[in-house]
Amino acid sequence: MPQTIILDKIRRLILLKTGIKSISPSDCRFISISIQKEITKNISETTIKRLFGFAEVKNRFSKYTVNALLDYVEKSGNYELVEKELLHISNINDKFSNIQLNAINITLSTLKSVKNRSSVPYHFTHPRAFAKLDFEYFYNSKYSFTAFISQAGYGKSILLSHLVQSLFIDNDAKHKVDTILFINARDVFDDQNEYSNIEDRIKSKIGLNQRTNLIEYFKDRYERNGSKLVIVIDSFSDLITNRDSKPIVYDKLINLISLIEDEKFVKIVLGMRSTMWSRFYDKIKNIPFIKKKWFQGTYFNIKHHSNIPPLANDEIDIILKKIEPDRKEQINSALKAQLKYPFYIQWYYLLKEEFPRFDSFTNIVFFEIVDRFIHDKIYNTSYATEKTLFCKKIVTLSNHGKGRKSVYKSELIADLSNFKNAYRELLAEGILVEEKQELDGFVVDLVRFVHPHLFEYFLFVELLNCSNNQMDEAFFENINLNYAGNPNRYQILQWSARLLIIKSDFGALKHLLKLNLSNYEKTYLIYFIAENLNYRQHKQPSVAAYLEEDELHHMMMENIIHFDFADSCYKEAICSLLSISKNDKFSFLYLVILSTFDSFSFYKEQLKTRLKAMEKFANEGNNWLINPYELLKCLYSTLAGEEYKNEALLANIEAFKEGDISVPKNENGLPGYREMLSFVLLRTYNTFHGDSHEAQRMLDAMVGYYPKMTVSESVSSAYLFSMMAFLRSLTKLPYSSGLSEKIRLKIFEINSIGNSTPYIQTVYLASRAIESKNEKDYQTAIAYAEKCIEVFKRNRLTLQEILMYNLLIHLNDETGNEEKKDEYVHHKLTLIDKRNVHGSVFHKLK
């Protein structure tokens, strides 16, 4: 009979004999003396401690020790009791069905608890594919235990529940014959300071006789029908532990793992947070027997003490599809990248519940999620003030985000030694993490935020405090200057914009938008502001009233005048501005910009819808250089193959070319956004109904109206010069290296200060492609044209894409490559057919 069985029975009989209900290390001395008195044999106090698990067992107990202990318990005259205890193993198969049923009931209760505690409805969650693969490997391996480890909020309990449900509970479960015990750690490790055997706790839970050896019992079942015992222990974070009790929990786990020895029919699965695992790992890393029994998992990272990876894109898609089954558009990629951390999905779900029709391409949702997370995990918890101090201290020690993100633990807690509970909670909640690093031969402890966006938030809070909570012009200029090239800069500006809208401090938004930002940054920031206004207007009446004012929309348009049709978020920004506009003048303007997009993209039906929406604002077009409503109706008719005659419109266009109209100018003598948009529409009209000569007249007229454009470094000047280069190449004007060089230098100069756009640069590249064709440099021309097509296709600028196909058709015709020529003709025809526009467009665009 195995020694472990005999020793287990001896332990129980000693406790019965001595009347000790809960043994402690101090009782071992009393037992040792009692043995000496009764049987005059010497069993040391240390040996008794080894017997009861208070000291490490390095070797098997000697026969002398075992026999002496047997003599001691038999001395009581209850030899018959001893025999029954030692032979009880013979009745192990009597109640196996009851044992399994008890384990299943506990497991179902734990599953129910997990489902009830799930931060989103449980049916929205999804099994992790890697977990199933890892577990199946572990299940069939020689390893005895594994652990799913991560920071708080990575969905460990959800992961384990899906694993248990699919592999052990479902009707078609692969391991249904096994005994599965899914249990909370507090049900096994409660009363940590009272040393009790985990084996006893488990037996008590599943209804197994306390006199029966757990391992031998399930060994017999495994040999009979292949049934394994799988113990899954979750929710270690629910244990109330301290410096004294944690080592006891670790010791109990080590003893349980040791009890299994090399048997393959008992498998233990733990669900632990990284902080707890790192300390448990420190205990076992120098115990080879325990460490070799541990299966790390595919994704284990020793630095971060984690083996649960963030959600993969397809996993996020599945979860979002469950939350929003009717969603058609792709979610913003930046937001999707953040939702890979499962604990954010609960806040996303709550936001969608609160505002179901709200959707966004910007990362406004992410900022709302982070804000709610911080309030839930820091501001609305115990030790809130102390936790905030810790977080701000990290920011300060990092030189306000300009130094290293990890700070020395010794520096962090030097002045905050009284707030250790707050610090421990920050670690436990996965807000902060400790790391070890070797420095000059010494290992030092570092502390950092687990997620960089939490650092960005507290950096913004600290910078705001340093400026006495004043977000004025100096505040924004300092951020833009001091954080130039720093990835935190733009996030600070977004946090600033969000807070200004919450405070209804719209005047300060002007200071923010006056910063020297690239056109892309301004576009995205305006989009972010518009989405925040859209979100806040349902909560704050002051915001809703402000949306009617000219000042807001004028400020927005002054900063988004660049009409970057090759910017992926430009159109979305305009759509968002339109959605919040309660001002007829600007609603009309936004519709005109979006209709220009539709004209470029050949979205005929969408253009028709926009024109219908414009009808009630049509009189607003009378204040433009050329009435855009009438001009867009003409463009729609062209795409639809309908006849459209408007003599007044044609007369106005001719008057514009002749320079016979008066034009408004801003204080710098440059065109405003309406004038520039009129020019863009005229160029579009000319593409369908004119030629390069008429286009040149339009360009000359624009220069005549606004001569300062030729010396300005504005974005409108960049557009003008790109058009100038494009038209010069089309008209094959006598080559002037001096003029071409001046245009190139001017475009480069404007681009270098951030006043150009990808669309303008691509138009200029198209002019270079045509120039290369004119110079018979066909290889360069083809390379440039294909690059332009790549940009135009990505942004669905069908009109410009077709113009580049025309160029490639001519290039391959001149080089005699008939196969390539036919291929591009086919691309052009297919594209026009795909957009469902009239076939005449195929022949008009040559």
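1. In strand β3, residue I233 is the bridge partner of I183. Strands β2 and β3 pair in the parallel sense, over six bridges. Two strands are said to pair if DSSP finds at least two bridges between them. Strands themselves (E, at least two residues) and helices (H or I, at least four residues) are DSSP runs, numbered from the N terminus. As background, the strands of a sheet pair through backbone hydrogen bonds, either parallel or antiparallel.

2. The structure is a predicted model, in which local features need pLDDT of at least 70 and side-chain atom pairs count only at pLDDT 80 or more, while totals for chains, interfaces and linings use all residues. Residues are numbered from 1 along each chain as its sequence is written, and side-chain values use heavy atoms, with hydrogens and water left out.

3. Which order do the strands take in the open sheet? The order of the five strands is β2-β3-β4-β1-β5, with parallel pairing. The edge strands, β2 (179–184) and β5 (294–295), each pair on one side only.

4. The remaining pairings follow this order. Strand β3 (residues 229–234) runs parallel to strand β4 (residues 266–273), and five bridges join them; here L229 stands opposite V266. Strands β1 and β4 are parallel as well, with six bridges, and S150 has R273 in β4 as its bridge partner. Two bridges join β1 to β5, also in parallel, with F145 opposite W294 of β5.

5. Two of the strands deserve attention for their covering. A residue is called buried under 20% relative accessible area, exposed over 50%, and partly exposed in between (1.4 Å probe, protein chains only). In strand β1 (residues 145–150), six of the six residues are buried. F145, A147 and I149 point one way from β1, whereas T146, F148 and S150 point the other way. Strand β2 likewise has six of its six residues buried. Both of its faces are covered, with T179, L181 and I183 on one side of β2 and I180, F182 and N184 on the other.

6. Helix α10 (residues 198–206) also contains buried residues, namely I198, E199, R201, I202, K203 and I206. An α-helix has 3.6 residues a turn, so residues three or four places apart point the same way. Just after α10, G207 takes a positive phi of about 80 degrees.

7. How many salt bridges does a search of the whole structure find? The search finds 37. A salt bridge is a side-chain nitrogen of Lys or Arg within 4 Å of a carboxyl oxygen of Asp or Glu. In general, side chains of opposite charge can pair when their charged atoms come close.

8. Where do the partners R498 and D371 lie? The salt bridge between R498 and D371 has its closest N and O atoms 3.3 Å apart. R498 belongs to helix α24 (residues 488–502) and D371 to helix α18 (residues 364–379), so the pair ties together parts that are 127 residues apart in sequence. R498 is buried, with a relative accessible area of 6%, and D371 also counts as buried, at 14%.

9. A further salt bridge joins the side chains of K776 and E814 (3.8 Å, N to O). K776 lies in the loop between α38 (758–774) and α39 (778–794) and E814 in helix α40 (residues 798–814), so this pair ties together parts that are 38 residues apart in sequence. K776 is exposed, with a relative accessible area of 54%, whereas E814 is partly exposed at 37%. Salt bridges that share partners also join E654, K657, E658, E694 and R697 into one network.

10. The side chains of K285 and D282 form another salt bridge (3.5 Å, N to O). K285 is partly exposed, with a relative accessible area of 38%, and D282 is partly exposed as well, at 37%.

11. The last point concerns cysteines. A disulfide is a covalent bond between the sulfur atoms of two cysteines. It is counted here as a pair of cysteine sulfur atoms within 2.5 Å, and by this rule the count comes to zero. C391 is in no disulfide, and the nearest cysteine sulfur, that of C466, is 16 Å away. C391 counts as buried at 0% relative accessibility, and C634 counts as buried at 8%.
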